[in-house]
Amino acid sequence: MAGSDRIIRYNGDMETLAWKYPAQKLMTSMSVMVNNSQEAVLYAGGRAWDCLGAGLHELSLHKLPLFSKYKPLPADGLTPFTAEIWYVNKAATLEPRWGTSSPIQVQDPRLGPCSVRANGQFGVQIADSGVFLTRLVGTLPSFSIQDVTRYFQGIYTTEIKSAIASYIVRRSISVLEINAYLKELSQFVRGELNLRTREFGIQVVSFEVNAISVDERRLEPQSAASREFCSGCGAQLSPSASFCPGCGKRIRRCRRCGALLPASDANFCHHCGNQLPTQEG
């Protein structure tokens, strides 16, 4: 065996989170080269044994104490033993983008039932290489950041839907106003996602909701009882109108419940009793 053949090296790309060295016949005369921000994991019998950090490591009893207890290593350096070498990228990956594949149905206090879409980007980092390989990678030859995005798509869609619905109720705001709370919403979703991903050895280091948009084509028609009309000219108003389409009068609403304010000199909302600030009344 040539000297270069005795050294196992990483041969994946920058977007690969986990890459398996193709050969499974190893010898104690071989060494493993591990780059910075990587770990090399000796994997056998359905579990991870020894994790090697950055540097050049001999496949010896001294370097593989846990694996040696699982399977005695040959002492001659020439007799092969069977195991897998996995390289795991430990650097944070911050580029992936996400988006809801279908509209999210929410109950808006002002618009009623409506559909919204959301998009953004996130960053992940492998926190526990052994757990990650055992729980998520399985028998695949490699696992990329795109695989993570596809695997957790259902989870982040569920968390986004829950977070948007929660903010609408807790803050009594419309989805038309929720973009003002994107930073707070992003932090909340990141925390919820980490509760789900930690069992796979993954940490969500960042999660950004860049935009939430209302799918106006999917707004359900308003019932006759919920229709609103301008107090000046009687023209029907759309739920998101800021000015009357008939006479141009400014449309004013309660900031707490979104109810239409019929009188310009009102001091309290007729719907929820909220005291109106000077600029509203």
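Which residues line the largest cavity? In this predicted model, the lining consists of Phe 122, Val 124, Val 148, Thr 149, Phe 152, Tyr 156, Leu 193, Thr 197, Ile 202, Val 204 and Phe 207.

**The cavity**

- The model holds 1 cavity of 30 Å³ or more, and the volume of the largest cavity is about 90 Å³.
- Strand 12 (112–126), helix 3 (145–151), helix 5 (182–197) and strand 14 (202–214) are the elements that each supply two or more residues to the lining of the largest cavity.
- With 3 residues, strand 14 contributes the most to this lining.
- Sorted by class, the lining comprises 9 nonpolar and 2 polar residues, and no charged residues are found there.

- Strand 9 spans residues 84–89 and is mostly covered, with 6 of its 6 residues buried.
- In a regular strand, side chains alternate between the two faces of the sheet.
- Glu 84, Trp 86 and Val 88 point one way from strand 9, while Ile 85, Tyr 87 and Asn 89 point the other way; all of these residues are buried.
- Strand 2 (residues 16–20) runs antiparallel to strand 9 and is joined to it by 3 bridges; Lys 20 has Trp 86 of strand 9 as its bridge partner.
- Strand 5 (residues 38–44) also pairs with strand 9 in the antiparallel sense, through 6 bridges, and here Glu 39 has Val 88 as its bridge partner.

**Glu 84**

- Glu 84 belongs to strand 9.
- Glu 84 counts as buried because its relative accessible area is 17%, and the cut-off for buried is under 20%.
- A polar contact of 2.9 Å links the side chain of Glu 84 to the side chain of Trp 86.

- An open sheet is formed by 3 strands in the order 1-4-7, and its pairing is mixed.
- Strand 1 (7–8) and strand 7 (55–58) stand at the edges; each has a single partner strand, so one side of each lacks a neighbour in the sheet.
- Strand 4 (residues 31–34) and strand 7 run antiparallel and are joined by 4 bridges.
- Val 34 finds its bridge partner in strand 7 at Gly 55.

**Helix 2**

- Asp 128 caps the N-terminal end of helix 2, with a side-chain oxygen 3.2 Å from the backbone nitrogen of Gly 130.
- Within helix 2 (residues 129–137), the buried residues are Ser 129, Gly 130, Phe 132, Leu 133, Leu 136 and Val 137.
- An α-helix has 3.6 residues a turn, so residues three or four places apart point the same way.
- After helix 2 comes Gly 138, which has a positive phi, near 65°.

**Cysteines**

- A disulfide is a covalent bond between the sulfur atoms of two cysteines.
- The count of disulfides in this model is 0.
- Cys 51 counts as partly exposed because its relative accessibility is 43%.
- Cys 114, by contrast, counts as buried because its relative accessibility is 1%.

Key: Residues numbered from 1 in each chain as written. Predicted model: local features only at pLDDT ≥ 70, side-chain atom pairs only at ≥ 80, totals over all residues. Heavy atoms only, no water. Disulfide = S-S within 2.5 Å. Buried < 20%, exposed > 50% of the residue type's maximum accessible area, 1.4 Å probe, protein only. Pairing = 2+ DSSP bridges. 1 Å grid on protein atoms, 1.4 Å probe; cavity = no way out; pocket = protein on both sides within 12 Å on 5 of 7 lines; lining within 4 Å. Points joined across faces, edges and corners; volume = space filled by probe spheres on them. Nonpolar A, V, L, I, M, F, W, Y, C, P; charged D, E, K, R; others polar. Polar contact = N/O pair within 3.5 Å; in protein donor to acceptor, adjacent residues only side chain to side chain.
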